[in-house]
Amino acid sequence: MSPSREELWEGLKGPWDLLILGGGATGAGVLWEATLRGLRAALVEAGDFGIGTSSRSTKLLHGGVRYLELAFKERNPKQLRLVREALGERQVVMGLAPHLARPLTLLTPLFRPLELPYYWVGLKLYDLLAGARRLAPSRYASPKEVGVLFPDLPPTLGGILYQDGQFADYRLNLALILSALGRGAVALNYAEATGFLLKEGRVRGAVVKDRLTGQEVEVWAQAVVNATGSQADRVRRLLDPHLPPLLTPSSGAHLVLDYPLKVGLLLPRTRDGRVLFLLPWQGRALLGTTDLPAEARACPLPREEEVAYLLEEIRPYLGDLSDRVLAAWAGLRPLVGKGETKRLVRDHLIVEEKGLYTLTGGKWTTFRLMALDLLERLARDLSLHLPPSQSHRTPLLGAGPKPPLPLPEEVAAHLYGHYGTRAGEVAALGDRPLLPGLPYLEGEVVFAVREELAQKPLDVLVRRMGLALLDRKRAEEALPRVVDLMAPLLGWDEPTKEALLSEARGALPALC
């Protein structure tokens with residue numbers, strides 16, 4: 001059984017080798033890497049783990065077809081390097097968590113004769129850059145095959161089928177955190193760094209406030225890492241309010257549609273120069289994404305113009321899908337630098353300021369490389385002698401063969417796809433359906449509280465089970481039962497239950 005939140009709070013007092021601020025992909029990756037390499041590491045997150053961009057991605061493990069095109073059009077070696085690195089990491093992540101990440105086939109439809117050689121060569125180069133870690137090779141699909149895969153598409157000249165990776169971002173984020181906890185790390189959600197502790201003018205820790213109880217503690221560490229994503233500049237300014245910004249945040253909105261798919265669809269030309277994805281996702285279709293400058297808000301909402309844009313871009317290909325929208329959400333990309341967001345390289349950056357190490361930028365697929373770079377920097381600066389990294393070959397919690405589950409096939413597939421080898425433990429806590437017609441079980445709510453540090457209803461529905469990312473109405477329908485199941489585990493009385501239920505309903509559109 002995982003340590004309780006009270007035990008983790010007590011254990012947070014340290015001191016530590018490394019204190020990490022931010023519990024998204026970047027912070028979770030650093031925590032895992034540091035723990036594997038023998039450092040005493042702790043992580044605090046002001047909200048829930050993965051509450052920001054890390055649960056709101058397009059859920060692709062990919063090098064980035066668009067970035068490859070930009071690399072050649074703009075003769076930008078940084079873009080090309082990023083694509084190559086990400087393609088290598090795509091295969092690594094699928095090996096570390098095969099229950100959460102797997103290959104996904106996508107189709108690029110062809111409508112003009114010159115598109116065939118252009119996209120054929122481009123996607124063959126994409127295969128080539130992956131080297132030994134490539135997935136199935138890209139190939140031409142005839143107009144008849146395209147018509148079978150996408151009957152609603154206008155007549156085509158065929159298409160190019162290729163493979164990338166797809167993953168459950170919110171579950172991978174959590175798997176990194178829980179895997180580190182299992183090796184002696186400490187990680188706390190709803191624990192916010194409100195100020196820094198200085199020693200001889202250098203950052204040597206932080207004051208951390210428990211946002212659920214109001215308690216505060218001083219946490220001392222040899223080094224402090226700011227891994228707060230789009231909030232990185234705000235955290236830096238706790239140290240010095242006059243620091244210039246590092247980031248240009250960009251909003252990426254997504255829609256979930258009631259539209260069955262056999263494979264994904266990549267539309268390589270939108271009116272603002274992006275690509276558009278329509279991807280199969282847990283029985284629905286995920287449509288994304290946008291790229292608009294945005295304020296660095298903790299809980300962004302998709303803007304009306306973003307929703308309209310996505311529906312307008314898909315309409316010429318598959319018709320009007322506006323009445324099929326089940327959910328809409330947005331994440332913020334922490335883009336490094338200034339300029340037009342769609343042209344900023346998705347590279348990461350390490351900046352040290354008075355002993356505070358800010359690690360920002362990058363993307364989900366390269367989270368492990370970001371952590372490696374940071375650990376190498378810390379080893380140099382602090383004269384640490386670290387063993388070689390093993391994160392490329394150390395499976396995460398839940399990795400392993402699918403266990404036998406005496407449950408309906410859809411339920412068993414859902415449980416394995418979220419919990420891996422622990423699926424049986426989840427079902428043993430309650431195999432009653434949470435909602436009719438869906439594969440979610442009541443035992444998942446209990447497991448989320450007992451084993452996965454869920455503290456609020458939306459922690460469960462968004463970042464443990466993923467239901468609220470798929471279907472907002474069904475998530476709202478499930479809320480009362482989720483609160484009832486959580487209450488005895490967390491000691492909620494009736495007024496507290498009512499208050500938390502009301503809070504969750506109001507927070508559901510922003511998913512936090």
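Is Arg269 buried, exposed or partly exposed, and what is its relative accessible area? In this predicted model, Arg269 is partly exposed, at a relative accessible area of 40%. The value falls between the cut-offs of 20% for buried and 50% for exposed.

The partner of Arg269 is Glu69: the two form a salt bridge in which the closest N and O atoms are 2.8 Å apart. Glu69 counts as buried, because its relative accessibility of 18% is under the 20% cut-off.

Side chains of opposite charge can pair when their charged atoms come close. A search of the whole structure finds 34 salt bridges, and the one between Arg269 and Glu69 is among them.

Another is formed by Glu10 and Lys13, with 3.1 Å between the closest N and O atoms. Lys13 has a relative accessible area of 39% and is therefore classed as partly exposed.

A further pair consists of Arg297 and Glu295, whose side chains meet in a salt bridge at an N to O distance of 3.6 Å. Here both residues, Arg297 and Glu295, are exposed. Elsewhere, salt bridges with shared partners connect Asp48, Asp459, Arg463 and Arg464 in one network.

Definitions and conventions
Residues are numbered from 1 along each chain as its sequence is written. This is a predicted model: local features need pLDDT of at least 70, side-chain atom pairs count only at pLDDT 80 or more; totals for chains, interfaces and linings use all residues. Side-chain values use heavy atoms; hydrogens and water are left out. A salt bridge is a side-chain nitrogen of Lys or Arg within 4 Å of a carboxyl oxygen of Asp or Glu. Buried means under 20% relative accessible area, exposed over 50%, partly exposed in between (1.4 Å probe, protein chains only).
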